[in-house]
Amino acid sequence: SEYVIKIKVERKEFEGRENYNQNIYRCIVTDSLSGEIAKDEIIDITFFPDTVCDGEEYIVAVDLRIDDRTPKLYHFSSKNSLFSIDQYDEIMQIINKAQ
């Protein structure tokens, strides 16, 4: 993936319909683990329904989807791109080995 970041979910911005099974959430970047996204940057990320909660922190692996909008829109690089904060050390080991 292009970016691995730690984010805090602010709120749901868009709820997908039956044929678009994803919601868009406004998030704040709390740490950039891989790739260049500034700390405290406000971004939007597409999530599957019922996978995240407002106010919670997560680690996500994402790719830039649309950058000509504010805030920029990111999407998961794979279906397994959402991680618990508890996995931070394990994820950092994998990133450091890949560099």
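Helices (H or I, at least four residues) and strands (E, at least two) are DSSP runs numbered from the N terminus. The model is predicted, so local features need pLDDT of at least 70 and side-chain atom pairs count only at pLDDT 80 or more, while totals for chains, interfaces and linings use all residues. Residues are numbered from 1 along each chain as its sequence is written, and side-chain values use heavy atoms, with hydrogens and water left out.

**Helix H1**
- Within H1 (residues 88-98), the buried residues are Ile-91, Met-92 and Ile-95.
- These residues lie on the same side of H1 because they cover an arc of only 100 degrees around the axis, taken from the directions from the helix axis to the C-beta atoms.
- Asp-89, Gln-93, Ile-94 and Lys-97 are exposed on the other side of H1.

**Lys-6**
- Lys-6, in strand E1, is buried yet has no salt bridge, and Asp-31, the nearest side chain of opposite charge, is 4.7 Å away.
- A salt bridge here is a side-chain nitrogen of Lys or Arg within 4 Å of a carboxyl oxygen of Asp or Glu; Lys and Arg count as positive and Asp and Glu as negative, with His and the chain ends not counted.

Terms used:
Buried means under 20% relative accessible area, exposed over 50%, partly exposed in between (1.4 Å probe, protein chains only).
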